[in-house]
Amino acid sequence: MYNSVKRSMYSGANMSFLVLGRQHVCKPEYTPEIPHIVISITDPDEPEAYYVPTDLRQDILRLSFFDINESIGNLTMVNDNDIDAIIDFVNTWKDKVPLIVTQCEAGISRSSGVAAGLSQWLNNDSKFFFDTYLPNSLVYSKLVKKLLDVDVPPPEPTLYDNSDTWELF
């Protein structure tokens, strides 16, 4: 697998995660070589992300909301229906696949917020995502609140330069 994918992969105790952006999922070198599911998040005004076909991808959940943490005009933000859809989707597949791929437009905030929240639930750990990305705090907090019924503050990130893991375009 491509080096950036290896750096972006988190292997937790119970589930592995791969955070990608739209620009990655259309390239064969970013396609996981193990069974996986995908949670794909796009901006409401953008088309669905194209994925390289593979028999190892078991299913895709497609969601659409902007990368915002509070209400801004008429912009669509993550809501309880999105959180419920993520949880239902993962509950269906978590015992059948070893990897969850999360994808958003840039592969930095919404997708890592989803991965961090799910990893906190499934692996009791989300620190990797806060050290490596900039997780959307609303997505993370809504997932953790719904899954664990607690208000868990995001972990403090380790202060180091992680820009080598970001390949925006």
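**Strands, helices and the terms applied to them**

User: Which residue in β2 does tyrosine 10 stand opposite?

Analyst: Tyrosine 10 stands opposite phenylalanine 17 in β2. This is a predicted model: local features need pLDDT of at least 70, side-chain atom pairs count only at pLDDT 80 or more, and totals for chains, interfaces and linings use all residues. Residues are numbered from 1 along each chain as its sequence is written, and side-chain values use heavy atoms, with hydrogens and water left out.

User: What makes β1 and β2 a pair, and in which sense?

Analyst: Two strands pair if DSSP finds at least two bridges between them. Strand β1 (residues 9-11) and β2 have three bridges and pair in the antiparallel sense. The two form a hairpin, with four residues between them. Strands (E, at least two residues) and helices (H or I, at least four) are DSSP runs, numbered from the N terminus.

User: Why is phenylalanine 17 called buried?

Analyst: Buried means under 20% relative accessible area, exposed means over 50%, and partly exposed lies in between (1.4 Å probe, protein chains only). Phenylalanine 17 has a relative accessible area of 0%, so it is buried. Its contacts (heavy atoms within 4.5 Å) include Met9, Tyr10, Leu99, Ala115, Leu118 and Phe129, not counting residues up to four places away in sequence. Alanine 115 is 98 residues from phenylalanine 17 in sequence and 6.5 Å from it in space, C-alpha to C-alpha.

User: How many residues of β2 are buried?

Analyst: Six of the six residues of β2 (residues 16-21) are buried, so the strand is mostly covered. Ser16, Leu18 and Leu20 point one way, Phe17, Val19 and Gly21 the other way, and all are buried. In a regular strand the side chains alternate between the two faces of the sheet.

User: In which sense do β2 and β5 pair?

Analyst: β2 and strand β5 (residues 99-104) pair in the parallel sense over six bridges. Serine 16 has leucine 99 as its bridge partner in β5, and glycine 21 has cysteine 104.

User: What is the order of the strands in the sheet?

Analyst: The sheet is open and has five strands in the order β1-β2-β5-β3-β4, with mixed pairing. β1 and β4 (57-64) stand at the edges with a single partner strand each, so one side of each is left without a neighbour in the sheet. From one strand to the next the twist averages 15°.

User: Which strands does β3 run parallel to?

Analyst: β3 pairs with β4 in the parallel sense over seven bridges, and five bridges join β3 to β5, also parallel. Histidine 36 stands opposite arginine 57 in β4, while valine 38 stands opposite valine 101 in β5. β3 is mostly covered, with seven of its seven residues buried. On one side these are His36, Val38, Ser40 and Thr42, and on the other Ile37, Ile39 and Ile41.

User: Why are α3 and α4 called oblique to each other?

Analyst: Angles under 35 degrees count as roughly parallel, over 145 as roughly antiparallel, 65 to 115 as roughly perpendicular, and the rest as oblique. The axes (lines fitted to C-alpha atoms, for helices over the stretch in contact, with angles from 0 to 180 degrees between N-to-C directions) of α3 and α4 cross at roughly 50° and come within 12 Å. α3 and α4 are therefore oblique. Ile86, Val90 and Asn91 in α3 meet Val114, Leu118, Trp121 and Leu122 in α4.

User: What does α3 lie across?

Analyst: Helix α3 (residues 80-93) lies across β3 (36-42), β4 and β5, and runs at about 175° to β4.

User: Why does leucine 148 count as partly exposed?

Analyst: Leucine 148 has 31% relative accessibility, which falls between the limits for buried and exposed, so it counts as partly exposed. Leucine 148 lies in helix α6 (residues 137-148). Leaving aside neighbours within four places in sequence, leucine 148 is in contact with Gln120 and Trp121. Leucine 148 and glutamine 120 are 28 residues apart in sequence and 8.8 Å apart in space, C-alpha to C-alpha.
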